[in-house]
Amino acid sequence: MMPYPLNLRLHSNEALETIARQIISQFDPSLLYKPAVIPVEDIMEKIYGLTIEFLYIRKNGRILGETVFEDAEIPIYEHRNDEGYKLIPVKAGTVIIDASLLHKGRIGRLRFTCAHELAHWVIDKNYFMELGETASLSTNSLDSEFACEFLDYDAFLHKTGKSKTKSNKAEAAKVVRSSETDEIIERQANRMASRILMPKCTLKATFHNTRTAPNAITTLAGLYGVSKQAMEIRLKELGLVH
Ligand SMILES: [Zn+2]
């Protein structure tokens, strides 16, 4: 096994709960006392100074979100005229969310993607800065709804003949990259995202009040503004359902 990069920080589940609580209480501590749709986009913009932009990231819709840690040019699909990919300049602190998530019925996924990207910003910033790359969230199969992947610029940049900025840094960082590391980072961001959107303190109490109701999981998902699947995963994690 390759050693983990120095800047990759792994947190226990309890530590992630604490960080999630801190993120929420900086915005509004009362959100930790009753079930609520956590205003993740407001938290990103008002507390962390992030800029959220909606663009079609890939033609196939595989990448749902992308966080830009340093000013960069990134490939974006020109959806309107079907013109293919073009490089656009993006400022550090921009979170690009795939515009397909604005479509009806995708609000749960949209909010989860935002929370996932916020998690990268809060806990993985140093790691990605060292790597000289963006973090992106993608979906690539039915069984991995929240699966993520790192954006691979190489093929695209090779085609356009553009050279990579900060290439030395990226190349150096690549030495210690492995798909195993990527998976750990993505899973950690998902665990963090679910803690931001469904804080343990209110969810446990709310679960006990609603669990006997018909469609309890659907009700809970609605109360927190998440997908039913995300709620199910969170309740299992907390040992509340099996
Ligand atoms: Zn990610």
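**Helices and a segment before them**

Modeller: This is a predicted model. Helix α8 (residues 200-210) packs with helix α9 (residues 216-224) at an angle of about 140 degrees, and their axes are 10 Å apart.

Colleague: Which word describes α8 relative to α9: parallel, perpendicular, antiparallel or oblique?

Modeller: The angle is about 140 degrees. Roughly antiparallel needs over 145, and roughly perpendicular covers 65 to 115. So α8 to α9 is oblique.

Colleague: How many charged residues are in the contact of α8 with α9?

Modeller: From α8 come T206, F207 and T210, and they meet A216, T219, L220 and L223 of α9. By class, 4 are nonpolar and 3 are polar, and the number of charged residues is none.

Colleague: Is L10 buried or exposed?

Modeller: L10 is found in the segment before α1 (13-27). It has 11 C-beta neighbours inside 10 Å. The cut-off for exposed is 12 or fewer, so L10 counts as exposed.

Colleague: Which residues is L10 in contact with, leaving aside its neighbours within four places in sequence?

Modeller: L10 and I184 are 174 residues apart in sequence. In space, C-alpha to C-alpha, they are 8.4 Å apart. The contacts of L10, with those sequence neighbours left aside, are I184 and Q188.

Terms used
Residues numbered from 1 in each chain as written. Predicted model: local features only at pLDDT ≥ 70, side-chain atom pairs only at ≥ 80, totals over all residues. Helix = DSSP H or I, 4+ residues; strand = E, 2+ residues; numbered from the N terminus. Buried ≥ 20, exposed ≤ 12 C-beta atoms within 10 Å, placed from the backbone. Contact = placed C-beta atoms within 7 Å. Axes fitted to C-alpha atoms, helices over the stretch in contact; angles between N-to-C directions. Parallel < 35°, antiparallel > 145°, perpendicular 65-115°, else oblique. Nonpolar A, V, L, I, M, F, W, Y, C, P; charged D, E, K, R; others polar.
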